[in-house]
Amino acid sequence: MNPAATAALAAAQHGFLSPSGVEIAFVLVGLATLGAALVTVTTRQLVHAALWLVVALGGLAVEYLLLTAEFIAWVQVLIYVGSVVVLLLFGLMLTKAPIGRSPDADSGNRWAALTVAVAAAAALVWVVVDAFRTTWIDLDGPAAGSTEVTGASLFQNWVLPFEALSVLLLAALVGAIVLSRKAKAESSSPPVNARSVTKSSLGVTESSDREGAR
Amino acid sequence: MNDALDVALRLLLVFVVFLTFPLIVGQTEHKVMAHMQGRLGPMYAGGFHGWAQLIADGVKFAQKEDVVPAGADRRIFQLAPAVALLPYLLVLLALPIGPGEGAVGQVLDAGVFFVLAVMGVGVLGSLMAGWASANKFSLLGGLRTAAQLLAYELPMLLTAASVAMAAGTVSLPGIVDAFEWWWLPWQIVGALVFFVAGLAELQRPPFDMPVADSEIIFGAYTEYTGLRFALFLLAEYAGIVVLCGLTTVLFLGGWHGPWGADGLGWVWTLLKTAVLAFVVIWLRVTYPRLREDQLQKLSWTLLVPLSLAQIALTGVVKVVIS
């Protein structure tokens with residue numbers, strides 16, 4: 001059967017008027033994720049924004065799970081919730097972020113940011129809907145997003161983008177090293193990167209660190 | 001109906017394990033530390049070695065007033081212990097203790113990733129507690145917790161990846177199924193790195209700088225009292241159970257044993273976990289606390305290179321034998 005006929009058949013078999021339980025859950029979790037994302041960018045309490053980000057990222061992981069992409073879901077939790085948000089909170093703890101509202105947390109670019117965000121979202125939704133409108137995932141059969149399937153397609157069909165991303169990460173790594181070395185060379189100005197701030201804040205307790213075990 | 005009953009029974013069993021094993025480890029810690037340091041501690045409550053003291057302690061915790069500091073961020077302060085504790089309950093669900101589907105709470109396709117990902121979420125609880133307490137010692141504790149994460153996360157993931165490569169699967173029962181005795185010398189470096197990194201994740205001595213009581217009182221948990229404080233302590237002991245169980249499953253062959261009689265595999269798993277838990281306690285009474293920067297140095301100059309070497313070795317051996 002040719003792909004076009006398959007797509008037409010799939011679309012004919014699935015209607016929007018009798019959603020299954022998984023579809024309903026998907027929409028509900030999606031709404032919760034969207035809500036958390038909105039609160040993240042509008043709340044004036046900085047640390048709350050980071051914690052709402054956890055909810056939004058966790059919601060995305062649940063969406064992946066509902067689409068049977070178990071591996072992607074756990075990696076999402078591992079990288080974003082376990083590492084990125086922790087780094088974000090670490091950075092926030094080094095600032096003067098108060099408990100409660102930050103009076104200066106608002107930006108003058110509010111409307112510009114809103115325009116860009118809506119435009120980006122519209123473009124993404126349009127592209128995704130246009131590309132996958134007639135694609136249906138069979139949730140009852142063997143998992144279409146299991147680790148084995150994901151690994152096979154990643155290293156067979158998508159090797160080039162995967163390697164390109166690795167090079168991008170390498171470039172970011174080199175950039176970070178260059179930036180931190182530059183900061184060290186200009187010893188007249190105080191260090192601004194997170195790593196040296198960590199060291200100096202830890203140095204405060206260094207003298208008492210020499211005492212014994214707990 | 002039968003399926004629902006099965007699921008309910010498994011959940012109940014995992015929950016009972018979650019409630020009892022950490023307490024057993026805690027009581028063992030009291031006793032082992034006491035004997036190693038040549039002191040007795042409470043010996044009368046309950047008769048045998050003062051076992052009922054644990055229950056008395058629990059009652060004491062439950063009676064204490066639940067104080068929230070006036071300047072604290074109330075809701076986050078109250079939510080933090082749950083965020084610290086619940087991930088370990090979820091991880092226990094995925095740990096297989098015996099062969100077959102009957103001996104694991106839930107078989108997961110990507111078990112290794114699930115376990116490491118969910119354990120990582122527990123750190124958020126400490127960070128929330130550290131920030132929301134409005135106390136400078138708590139804040140320092142939270143900072144140290146986050147700094148510690150930079151040190152242990154990478155070697156832990158890399159060594160777990162090495163075992164997954166060796167077994168050719170990322171499912172926890174699958175890894176134990178593929179285990180052979182010669183994996184032990186083959187993966188020994190990875191096992192040591194994983195265990196050390198795990199100790200740093202649990203903030204156990206010698207990596208307990210986030211709660212260093214002689215420096216920053218009790219780190220992120222300074223302002224907590226009563227049951228919420230007990231939940232943080234429970235999270236630490238549940239973490240020991242999870243780390244030791246995970247090391248057993250990944251590196252020590254889980255239910256495989258030299259005299260592995262059929263049906264007794266779970267005894268091996270529990271035995272290995274218990275021995276590892278004893279080692280965790282032993283390390284606490286043996287080594288002085290490291291500094292945060294010493295941990296960073298240990299991690300980036302020793303643990304990360306060792307785990308990369310382990311991955312290379314795993315890859316080479318895997319290619320040669322296949």
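Ile217(B) sits in the loop that joins H9 to helix H10 (226–251) of chain B; helices (H or I, at least four residues) and strands (E, at least two) are DSSP runs, numbered from the N terminus. Although Ile217(B) is not a glycine, its phi is positive, at about 65°. Ile217(B) counts as partly exposed because 17 other C-beta atoms lie within 10 Å; a residue is buried if 20 or more other C-beta atoms lie within 10 Å of its own, exposed if 12 or fewer, and partly exposed in between, with C-beta atoms placed from the backbone.

The model is a predicted one, in which local features need pLDDT of at least 70 and side-chain atom pairs count only at pLDDT 80 or more, while totals for chains, interfaces and linings use all residues. Residues are numbered from 1 along each chain as its sequence is written, and chains are lettered from A and ligands numbered from 1 in the order in which they are written. The predictor assigns the complex an ipTM of 0.80 and a pTM of 0.81. For chain B the average pLDDT (the predictor's confidence in each residue, from 0 to 100) is 85, and 97% of the residues score at least 70. Among the elements of chain B, the lowest mean pLDDT, 82, belongs to H9(B), and the highest, 90, to helix H8 (residues 188–202).

Other loops of chain B also carry backbone features. Most residues other than glycine have a negative phi, and most peptide bonds are trans. Ala134(B), in the loop between H4 and H5 of chain B, has a positive phi of about 55° although it is not a glycine. Ala134(B) is classed as partly exposed because it has 17 C-beta neighbours inside 10 Å. In the loop between H8 and H9 of chain B lies Pro206(B), and the peptide bond from Pro205(B) to Pro206(B) is cis, with omega near 5°.

H12(B) comprises 30 residues and reaches 41 Å from its first C-alpha to its last, close to the 44 Å expected at 1.5 Å a residue; the expected span is 1.5 Å times one less than the number of residues. A kink of about 35° is centred on Ser299(B), where the bend is the angle between axes fitted to the seven residues ending there and the seven starting there. Ser299(B) is one of the buried residues of H12(B), which also include Glu292(B), Leu295(B) and Gln310(B).

The contact between the chains takes 38 residues from chain B and 32 residues from chain A; two residues are in contact if their C-beta atoms, placed from the backbone, lie within 7 Å. On the chain B side, helices H4 (111–132), H5 (136–167), H9 (213–216) and H12 (292–321) each supply at least two residues. H4(B) gives the most, with 11 residues. By class, this side of chain B has 24 nonpolar, four polar and 10 charged residues; Ala, Val, Leu, Ile, Met, Phe, Trp, Tyr, Cys and Pro count as nonpolar, Asp, Glu, Lys and Arg as charged, and the others, Gly among them, as polar.

In chain A, an unreviewed UniProt entry places the feature "transmembrane region" at several spans, including residues 73–99 and 111–129; UniProt positions are given in the numbering used here, feature names are shortened, and annotations may be inferred rather than shown by experiment. The span 111–129 of chain A is 100% helix and 0% strand, and its end C-alpha atoms lie 26 Å apart.
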